[in-house]
Amino acid sequence: MATDKELSDFLKSVEKRAFKRTAFAVRDDDSALDIVQDSMIRLAEKYIDRPAAELPLLFQRILSNATMDWFRRQKVRNAVVHNFSDFGGSDEDGEFDILEMLDGIEGNVGTESASDSVSRDQILQIIEQQVGELPARQREAFLLRYWEELDVAETASVMGCSEGSVKTHCSRAVHALAKALKAKGIAP
Amino acid sequence: MTKTTNLTYSPVPDRDGLEARFGVRVASMLGERAQSAAPDISERLRFAREQALMRGQAARRQEQLISAPAAVVVGRGRSATLANHLGWWVKLGSAMPLALLVLGLVGIAHVHEKAQIAAVAEVDAALLSDDLPPAAYTDPGFAEYLKTNRE
C-alpha cells in the first residue's frame, strides 16, 4: 500500500506533465486542470491500497480515461481526431531529417549564450506548438512513450491498442515533428 | 518516475534508436517548458494535489473502519455486527437488567402474598381461639351456619 508521502511525491512529480498532456488534448487550461484534479482524486480514493510502483501506470490510465470522458461529454471527440496522413511522408526522408536533427543535438549541447537563451525559449515554444498540432493518437503515444517514459507495452495498455500501433504512432509522430521543426529551421 | 528509456547508441544507429533519441530529446525540452508553468497553474495543481491527498486519507480511514474489530463498531451503536460472538455478550449484558427486574417483581409478589396469608391466618386463629360472645347465638346467620354444619 502506498503511503501518503509516496502518493504526494508521485503526484507532485507528475502533475505538470499531466496538465500539459491534457492541455494538449483538450486545448483548454481550465478543463485540463479539472481533468487532472479528477484523475488525482480518483487515484487517491480508489487505488490507495495499491503499491507505489503501480501508481504511474494507473494514473496514466485514469488520466486517459478522464480525458476521453471529457470529450464524450463535450461531444466533440470527432473534431479532434485528425487524419494521420496529414503528417505523412516517405520513411527515407524522415530518417534523413532525424539524422540531421541528431547532428544538431550533439552540436548544441553546452554552448548556450544569453542570446541563445532567449531564442531557446522561442524554440521550446515552437516545439510545444508542434507537439500540440500532432494528431491526438500520435501525440498521446509520443508523450506517454518519451515524456512519461512508459515502455511500449505500458503505452499500449494505457491507450487501449496493440504494441504495433504504439510503435507506428510514435514513429509517425517523430517523423512529423522532425519534418515540421526542420521546416522552421529548428534542431532540438 | 525514475525509469529511464533504454537507448541504443551505436556508430550507425538504427532507425528505432534514432527515433528514440529524437523523441527523448524533444520530450526533455517539453519537460523544461512544462516546469516553468504559470504561477496560477502551479497553484491550482498544488490545490488539486492536496484535495486528492485529503480524499485519499479519508478513503483510507473508511477502509480501516470497515476492517476494524466488530466490538468497536458495536460501541458506536451499529447493529449490523451483533452476529459476532462479542455482540452476543453485549446482547446478554443488556438483557440481564430486564431479567433481574422480572425476578424482583415475582419475588415481591410472592412475599406480599405470603404476608397476606399470614395476616388472614392470624385473624382466623385469634377468632377461633377466642371465647364465643353470647350475642352470637342471637345472630340468624350464625344459627344458620351451625345448622348447616350439623347436617
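Helices (H or I, at least four residues) and strands (E, at least two) are DSSP runs, numbered from the N terminus. On this basis, chain A contains 9 helices and 0 strands, and its pattern along the sequence reads α-α-α-α-α-α-α-α-α. The structure is a predicted model, in which local features need pLDDT of at least 70 and side-chain atom pairs count only at pLDDT 80 or more, while totals for chains, interfaces and linings use all residues. Residues are numbered from 1 along each chain as its sequence is written, and chains are lettered from A and ligands numbered from 1 in the order in which they are written.

Of the 188 residues in chain A, 39% are buried, a residue being buried if 20 or more other C-beta atoms, placed from the backbone, lie within 10 Å of its own. Two residues are in contact if their C-beta atoms, placed from the backbone, lie within 7 Å. Among the contacts in chain A with a separation of 6 or more, 68% involve residues 24 or more positions apart.

Two packed helices are described by the angle between their axes and the distance between the axes. Axes are lines fitted to C-alpha atoms, for helices over the stretch in contact, and angles run from 0 to 180 degrees between N-to-C directions. The axes of H7(A) (residues 136-147) and H8(A) (residues 152-159) come within 9 Å and cross at roughly 140 degrees. This makes H7(A) oblique to H8(A), where angles under 35 degrees count as roughly parallel, over 145 as roughly antiparallel, 65 to 115 as roughly perpendicular and the rest as oblique. In this contact, A:Glu140, A:Ala141, A:Leu144 and A:Arg145 of H7(A) meet A:Thr155, A:Val158 and A:Met159 of H8(A). These residues comprise 4 nonpolar, 1 polar and 2 charged; Ala, Val, Leu, Ile, Met, Phe, Trp, Tyr, Cys and Pro count as nonpolar, Asp, Glu, Lys and Arg as charged, and the others, Gly among them, as polar.

H8(A) also packs with H9(A) (residues 163-183), the two axes coming within 8 Å and crossing at roughly 100 degrees. H8(A) is therefore roughly perpendicular to H9(A). Here A:Val152, A:Ala153, A:Thr155, A:Ala156 and A:Met159 of H8(A) meet A:Glu163, A:Val166 and A:Lys167 of H9(A). The contact has 5 nonpolar, 1 polar and 2 charged residues.

Between the chains, the contact takes 45 residues from chain A and 35 from chain B. On the side of chain B that touches chain A, H1(B) (15-35) and H2(B) (39-67) each supply at least two residues, and H1(B) gives the largest share, 17 residues.

Notes: A residue is buried if 20 or more other C-beta atoms lie within 10 Å of its own, exposed if 12 or fewer, and partly exposed in between; C-beta atoms are placed from the backbone.
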